[in-house]
Amino acid sequence: MTGNAVAQRDGTIKLHDAQGFAGMRKAGRLAAEILDAMTDFVQPGVTTAQIDDKVREMTLAGGGIPATLGYRGYAHSCCTSINNVICHGIPNDKPLKEGDIINIDVTPIVDGWHGDTSRMYLVGDVSIKAKRLVDVTYDCLMIGIEQAKPGNFLGDIGAAIYDYASKYRYGVVRDFCGHGLGTIFHDAPEVVHAARAGTGPELRPGMFFTIEPMINIGKDGVKILDDGWTAVTRDRTLSAQFEHSIGITETGCEIFTESPAGKHRPPY
Ligand code: MF3
Ligand code: CO
Ligand code: CO
């Protein structure tokens, strides 16, 4: 814990120092390496429980701890969200099948810092409409990140994402947001993905947060299943998500969770 980083959530947006950047760089790199390793592993027939085991093994081998393990009663090392699942899909013993799209979301804690990132994976041959959703969702994340610079407002990020997704008539999920993070998993601010430009706090160097747009082919409505976690599209349409953890710098932002292997956009 360094600088203004305190281990409690008090509603203020922390401004982190160089040590914070170093900590997030390390945690973010492990997170990205875990997702890099998933590209060959995700195949028809593999179960999400096997994915979860691999995430946990790689997290521990890399000197980290999965933040989700034991988080508010969640008992797994990652979230695996398939097809119409928006987020917080729980790993299980059902095998992946050809044509599925799956989001894997990992958050290793390394030396107290949280590296939170997710990507989409295509299982075998995937429909054109699913591929297009995944592509547009990746672009939504990167278009949002372009707005993440000092002097801009937090709402500029969600405005850019919303405008772009709307061109395709896709729904932008409002029930889940990006979030501040650092030594805390879910901290202030809330990063809304459908926002108005010029609204919210002004971005300043040292702010750390995630951007993690969830985009639906249909409407933005969400339903939570009886397990209390799994969020699905109310209209059962496909949903996709990408997530990066970033830090605002003097000139723009640093992406802590960028793929060292260059596996940015599927097919990888
Ligand atoms: N990694 C998710 C996020 O992006 C949070 C998962 S919390 C869990 O914020 F408990 F569902 F795993
Ligand atoms: Co997150
Ligand atoms: Co995440």
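Three strands, in the order 3-14-13, make up an open sheet with antiparallel pairing. At its edges stand strand 3 (85-87) and strand 13 (222-224); each has a single partner strand, so one side of each is left without a neighbour in the sheet. On average, neighbouring strands here are turned by 45° against each other, direction ignored. Bear in mind that this is a predicted model.

Now for one of the pairings. Strand 13 and strand 14 (residues 231-233) run antiparallel to each other and share 3 bridges. Within that pair, Lys223 sits opposite Val232 of strand 14. As a reminder, strands in a sheet pair through backbone hydrogen bonds, in either a parallel or an antiparallel way.

How many disulfides does a search of the whole structure find? The count is 0. Take Cys79: its closest cysteine sulfur belongs to Cys78 and is 6.8 Å away, which is too far for a bond, because a disulfide needs the two sulfur atoms within 2.5 Å.

Cys87 is in no disulfide either, and the nearest cysteine sulfur, that of Cys79, is 7.5 Å away. Are these two cysteines buried or exposed? Cys79 is buried, at a relative accessible area of 9%, and Cys87 also counts as buried, with 6% relative accessibility.

## Thr137 in helix 3

Thr137 is part of helix 3, which covers residues 128-146. With a relative accessible area of 0%, Thr137 is buried. Which residues does Thr137 contact, leaving aside its neighbours within four places in sequence? They are Pro213, Ile215, Ala240, Gln241 and Phe242.

How values were computed. Residues numbered from 1 in each chain as written. Chains lettered and ligands numbered in written order. Predicted model: local features only at pLDDT ≥ 70, side-chain atom pairs only at ≥ 80, totals over all residues. Heavy atoms only, no water. Helix = DSSP H or I, 4+ residues; strand = E, 2+ residues; numbered from the N terminus. Buried < 20%, exposed > 50% of the residue type's maximum accessible area, 1.4 Å probe, protein only. Contact = heavy atoms within 4.5 Å. Pairing = 2+ DSSP bridges. Axes fitted to C-alpha atoms, helices over the stretch in contact; angles between N-to-C directions.
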